[in-house]
Amino acid sequence: MTEARIPILMYHAVAAEPNDTTRALSVSPEAFAEQMALIADRGLTPLTTADLAARWRSGRPLPALPVLITFDDGYEGVHRHALPSLAEHGFPATLFVSTGWLRGAYDTGGGLDTMLDWRQVRELAAAGVEIGGHSHTHPQLDQLGDSALRAELTRCRDIIADELGALPVSFAYPYGYSSRRVRTAVRENGFAQALAVGNALARRAQGPYALRRVTVRRGTGVGEFERLLAGRSVARTFARDRALTKGYAVVRRTRRIHRRAVGAPA
C-alpha cells in the first residue's frame, strides 16, 4: 500500500497591507479566501496537526484527501481575515504562536507586524483552531545552549496553558530549524508532535517530530496552489528554496563549530 503523502500548508501573515518584513510570506485576504474555496471544491478534508498525528499513532484511517492548514507566529490577520474563511467552510486549522510576540502581558516587542492578542487567540481556539507552540521569542532553537532552549520551550508551553487552560500538544520549529537535541527537548516538554518546513509533503515515515510542510506566500498563484494540493511538482516548485537552505545550513554549521571552538554555548 502506498504511503500517504499529505500537504501541510504553512501560512504566516494574512494581510491586505503587510509591512516590508512580512510581505513575501504573507497572502492577501482575497487569495486566502480563494485558496480555502479551492480546498472545498476539490473535496479535501482539513485536519489539525494533533488529529493527523493521533490518527497515525492509533492506525485510525485518514480521510481520502487530507490537508493541514497551519499558521506560524501569530499575526492579527489570522483572526481578522483567515478565521471568517475557515468558518465559512467549517475548516479546522492549527496556529503556532510565539508567545513573546503576542500583544499582552508577555510581549517582548519582537513581533514583526501587528500581532494577535490573547483574547483573539482564545476566540480562535473556541472556533476550532488548534493552538500550538512556536517558542517564546522565535530564535533559531538549534543555535541555543541547553538552558536557553529549555526556557524557550517551557515558557511558551506554560503561557499557552495558562491562557487557554490546556497544555499545547503540537509545536512548530521557528525558521524550520531543529536538531536531535532540539527534538528531544520538544518531546520532553510535553509536545507530542512537531512540524518543520522542508517544502515537501508530509509522510508518516518522517516521524512525529519532523513532519514537513509547504510554504504558501504572496507569490503563490492559483495554479501553483492547486499543484501543491495535488502533490504535483513540489520539488520543482521549491528547488531554489532548497538550494538556498542547503547553502545557509553550511554557514550555520560553521558558526556552531566556531562557537564551540572558542568556548561559547552550543
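Author: In this predicted model, 65% of the contacts between residues at least 6 apart in sequence join residues at least 24 apart.

Reader: Why is the pair Arg-80 and Glu-76 called a salt bridge?

Author: The closest N and O atoms of Arg-80 and Glu-76 are 3.1 Å apart. A salt bridge requires a side-chain nitrogen of Lys or Arg within 4 Å of a carboxyl oxygen of Asp or Glu, so the pair qualifies.

Reader: What makes Arg-80 count as exposed or buried?

Author: Its relative accessibility is 51%, and exposed means over 50%; Arg-80 therefore counts as exposed. Glu-76 has a relative accessible area of 10%. Buried means under 20%, so Glu-76 is buried.

Reader: How do you know that Arg-103 forms a salt bridge with Asp-117?

Author: Their closest N and O atoms are 3.9 Å apart, and the limit is within 4 Å; the pair therefore meets the definition. Both residues lie in the loop between strand 6 (93–97) and helix 4 (118–126), 14 residues apart. Asp-117 counts as buried because 18% relative accessibility is under 20%.

Reader: Why is Arg-119 called partly exposed?

Author: Its relative accessibility is 43%. The side chains of Arg-119 and Glu-123 meet in a salt bridge of 2.9 Å, N to O, and both residues lie in helix 4, about one turn apart.

Technical notes
Residues are numbered from 1 along each chain as its sequence is written. This is a predicted model: local features need pLDDT of at least 70, side-chain atom pairs count only at pLDDT 80 or more; totals for chains, interfaces and linings use all residues. Side-chain values use heavy atoms; hydrogens and water are left out. Contact means heavy atoms within 4.5 Å. Buried means under 20% relative accessible area, exposed over 50%, partly exposed in between (1.4 Å probe, protein chains only). Helices (H or I, at least four residues) and strands (E, at least two) are DSSP runs, numbered from the N terminus.
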